[in-house]
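Here is a short briefing on one structure. Please look through the model first, then read the points below.

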Amino acid sequence: MSSTLPPDIDPATMDAETTKRVSALIEAEEGAMNRLPGLLGQVAVGIALAMSLFHLWAAWDIVPTTVLRFAHVGFTMVLGFMLFPSMARFRDRFPPWDWALVAAGIYVTWYLISGGDDLQDRIIFPEPMDIVVGWMLIALVLEVTRRCTGWIMPVIAICFLLYAFFGNHFPEPWTHRGYDAERLVPHIAITLEGIYGTAVDVSATLIILFTIYGAILASTGAGKYFVDFSFAATGAKSSSAGRTVVLSAFLLGGPSGSGVATTVTIGTVAWPMMKRVGYTAHDAGGLLAAGGLGAIISPPIMGAAAFLIAEYLKISYLDVLLMAVIPTCLFYASLLFMVELDQRRIRHARGGIEDSKIDVEPVGVLFRKGWYHFSSLIAIVAFMAVGYSATLSVLYAMMLAIALSFLSKEHALWPRKLIRTLAAGSEQALSIAATCASAGIIVGCITLTGLGLKFSDIAIQAAGGSLVITAVYTALIVWVVGLAVPVTASYIICAVVAAPALMKLGVPDYAAHMFVFYYAVLSEVSPPTALSPFAAAAITRAGPYKTTLMAWKYTLPAFLLPFVFVTDPDGVGLLLSLKPGMTWLDVAWQTVLATLGLAALSSATQGFGITRLSQAERWGMALAGLLMIFPAIFEAAFGDAIPVPHLIGIALGLALLVVQFLRNRRGPALA
């Protein structure tokens, strides 16, 4: 069994071929790790443990910013070269050049840390050795990123470096003065504006801590418990298969923060049940991938990009979690609408379904057995609510999870298991840390050349100054970038390049960044890097691209929602932010409108409501949903020609439901 599979997956639930395909897809996201034998493997575990302990100490005590960031990237390079092979044929081996790269990573880190304030003071007039070490660092970061995530991210970073060097040869409006190595390399490799910038800071202070916490939860059996609890909570009946997927995705996704891991963990258990009640392989794979997507937007952990939002906006992580509460609930509400319509459609098509029981303990018994799995999740939010920082909150939550693990003999974290768990936390953080370091090269080039400001002006001019069209352009840009790079890198790049265009048109900074974040998440279900649908397709034996389209079908209604943040002045209420003159009643009304609108859009997407919809009824439901969700757009476009568009949308939706109800009373649903 591959070590790349999530620990909560029972090997018996998949055959050898499916296991191999799923492992390959997880490796595509997290990298194919070496399994080093003997003493070398123990050394790797020791270094990973040292990395975890160092960051846990940094969360408890004060470590200078430069030392923390330099050491974080240093650990990433050393472990990255040890654990990720340069090519597939060198897997599980440690050739001589890897020794050289490890030594180079150690030397570069020592040079930067030992340089201290003197190194920072001579950034403008660097010594020749500073330039040499800077080039070494850039090359090492690009290579470790290639090993952890593939070629795409390093190639993009190299393109930005070339732009920084030779931008003076570009035409207007893309041209800039051009920079030589003496100016560019220290900016990228030594200052806190490039490799060691905001992204690495967040990776070193927050992301790795939450990754270690996730590893602790996995080792204590929380993942399997959440799936079993979901089966029991939804009645343990085969007819509730879809609801079980949505609930288990919510419970498991919040702690994991990984779309692929959530999809695989749930899919191996839920697919046989979904198949039995009438889901096709493509529909089931699409729903599983959509549930996995929710892992990246679900509190309390969310994806790594959420930590970056807090840092870019200079707000607490608790504020980001609060902004995500209503959108996350609406995302899962949309999935539940789609699932209920699925079950209604399947029931009508099959004339009733076989409603067999699933062999799961009653929900009350399960809760009494594993209530403690919820406690540390609640503790994170509670600690932040009473004023603790996010780093201390997750540190205390880890201690609580470790202490409570001894309530179960099977999952107790005795010292040997705890050591391996802490080491696994750092190992799982390497891909994100390497991505953040590589993204720092890109961001450093953007800030030095002023590309971000230029790009926002170009986008606004292309949109003719229209906020709606600029938002559409921004969404497309983020989506296109996300096709090539992971969610974290997509957000980092577009937060610097695309978000300023929205802010220049009056969108609040937090709304612009949340908009970029949600569309960056779409990369998880967008080919050629649609890893969650591909993993689901490997489990259900469906076509990967058709499964991806089905994932889009399930998530489409919810991913229209972010436009409310930026196009409707009152839409910030969905982020629990009140503009002047707004009250909490306005927030509640916005939430009700969004919920009803998503229900109408789900009905239009599925082509089913009370009965199967005609083509005209589908278009009518789609219009009703848009009128409810985006009244401000219709008011801006048509003025007084469409008064109170949200009320018109509600009336149209109700009228269509009445028509379907009357038709259903007269006879069976249309085939």
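How many cavities of 30 Å³ or more does the count come to? The count comes to six. This is a predicted model, so local features need pLDDT of at least 70 and side-chain atom pairs pLDDT 80 or more, while totals for chains, interfaces and linings use all residues. Residues are numbered from 1 along each chain as its sequence is written, and side-chain values use heavy atoms, with hydrogens and water left out.

**Cavities**
- A cavity is a set of points, on a 1 Å grid over the protein atoms alone, where a 1.4 Å probe fits but cannot get out; lining residues have an atom within 4 Å of a point.
- Points are joined across faces, edges and corners, and a volume is the space filled by probe spheres set on them.
- The largest cavity has a volume of about 60 Å³.
- Its lining includes Ile 297, Tyr 518 and Phe 565.
- By class, this lining has 10 nonpolar, no polar and no charged residues (nonpolar: Ala, Val, Leu, Ile, Met, Phe, Trp, Tyr, Cys and Pro; charged: Asp, Glu, Lys and Arg; polar: the others, Gly among them).
- Helices H14 (317-350), H25 (544-559) and H26 (562-567) each supply at least two lining residues (helices are DSSP runs of H or I, at least four residues, numbered from the N terminus).
- H14 gives the most, with three residues.

- H27 (residues 584-606) has 23 residues and reaches 33 Å from first C-alpha to last, close to the 33 Å expected (1.5 Å times one less than the number of residues).
- Just after H27, Gly 607 takes a positive phi of about 70°.
- Trp 589, Val 592, Leu 596, Val 644, Leu 647 and Ile 648 make a nonpolar surface patch of about 480 Å².
- H27 and helix H30 (645-666) each give two or more residues to the patch, and the largest share, three residues, comes from H27.
- Patch residues have over 30% relative accessible area and no salt bridge, with nonpolar side chains (Val, Leu, Ile, Met, Phe, Trp, Tyr) joined within 5 Å.
- Accessible areas come from the Shrake-Rupley method with a 1.4 Å probe; only the protein chains shown count as cover.

**Salt bridges**
- The structure holds 12 salt bridges (a side-chain nitrogen of Lys or Arg within 4 Å of a carboxyl oxygen of Asp or Glu).
- In one, Asp 201 meets Arg 69 at 3.5 Å, N to O.
- Asp 201 lies in H8 and Arg 69 in H3, so the pair ties together parts 132 residues apart in sequence.

**Backbone**
- A cis peptide bond joins Glu 172 and Pro 173, with omega about 0°.
- Lys 314 is not a glycine, yet has a positive phi of about 60°.

Technical notes
1 Å grid on protein atoms, 1.4 Å probe; cavity = no way out; pocket = protein on both sides within 12 Å on 5 of 7 lines; lining within 4 Å. Patch = residues over 30% accessible without salt bridge, like charges linked within 9 Å, V, L, I, M, F, W, Y side chains within 5 Å.
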